[in-house]
Amino acid sequence: MGLSRPALRFLARTAHRKPLQGTWLTLGRQCVYATFADFVDVCREEGVRPAELPPDVSVATNIPSWQGTPQERNTSDVAVLRTLGAAEVLALDCADFEGAELVHDLNLPVPPDWHGRFDGILDSGTLEHVFDVPTALANVAGMLRVGGRTIHISPCNNFANHGFYQFSPTLLADYYQANAFADLRVFVAEETGVDYQSSFWDLFELDPRQQPVLMTSRRRLLLVVVAEKTADSTADRRPMQSYYRRLFESAAAGPPSAVSAAVWQRLRSGLKRLVPTPVKTWLRRWLFGRPDRKPWGAKRLGRWK
């Protein structure tokens, strides 16, 4: 998937909130769908002062297959992260065909000496291609230093056959909460555009403690998550989906909650039967067809270009 212009804006805003520093790792070599000048403009629009790049850091793309194509003018993931403050940027991939400095299959535990090595890890389209997601997430959590951040930009919906998986927001939210990560922020972006070079996002922020049960859209949905490792963080705790955890806790609290839930369910079912189907269809289109009226339990942050 790589980094579209809205994704670059998100990274810049994340860096404005807390500057990047130290050594960052990208999971796979990240395609960047913008020129370096475009990215610098985004930084300035977001109030981020671009760091001066050393002479040995090129602003040209580092994607070999882009040479001799229109994408050749785009910049690199190294230039992006170094401009945002990272002192060093390495890439991890299962092969070195795109020049990754670290070669490893994320389906397998990483070497112990990689634990606690990185101040930040950026996954912008790799996790969904790894079959053993729990092991891959444990690798990410383990490779971070205390205080380090992970940033995921992953397919959420309408990316069939792009990778093995499309991720519900509750997956990463519940994993990082179960493993005591801090400053957890969860977003869903509705992506529109002919290609990544011209795409834009309608961005929504979710409360990770109150995950919506259903999110539907005719557009592509991206899951965007930021989490910070603490001294208490772990990597191997398997979460229960928060919706069912709350449901079970409510049932265990006693009969009143269960009765209330049953009454509400009967009332909702009765209303559905009473409302004519054309009215329900119109309401559904009105609610889901307008980006500012999506009943997701999410806060709309506007359109990002």
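Met-240, Tyr-243, Tyr-244, Leu-247 and Phe-248 make up a nonpolar surface patch with about 470 Å² of accessible area together. The model is predicted: local features need pLDDT of at least 70, side-chain atom pairs count only at pLDDT 80 or more, and totals for chains, interfaces and linings use all residues. Residues are numbered from 1 along each chain as its sequence is written, and side-chain values use heavy atoms, with hydrogens and water left out.

**The patch**
- Patch residues have over 30% relative accessible area and no salt bridge, with nonpolar side chains (Val, Leu, Ile, Met, Phe, Trp, Tyr) joined within 5 Å and like charges within 9 Å.
- A salt bridge is a side-chain nitrogen of Lys or Arg within 4 Å of a carboxyl oxygen of Asp or Glu.
- Accessible areas come from the Shrake-Rupley method with a 1.4 Å probe, and for residues only the protein chains shown count as cover.
- Tyr-243 is in helix α6 (residues 242-252).

**Helix α4**
- Nine of the eleven residues of helix α4 (residues 133-143) are buried (under 20% relative accessible area; exposed is over 50%, partly exposed in between; 1.4 Å probe, protein chains only).
- Among the buried residues are Val-133, Leu-137, Asn-139 and Met-143.
- The buried residues of α4 pack against β1 (23-27), β2 (88-93), β4 (118-123), β5 (144-157) and α5 (169-178), where contact means heavy atoms within 4.5 Å.
- Helices (H or I, at least four residues) and strands (E, at least two) are DSSP runs, numbered from the N terminus.

**Positive phi**
- Most residues other than glycine have a negative phi.
- Asn-158, in the loop between β5 and α5, has a positive phi of about 65 degrees.
- Asp-183, in strand β6 (residues 182-192), has a positive phi of about 50 degrees.
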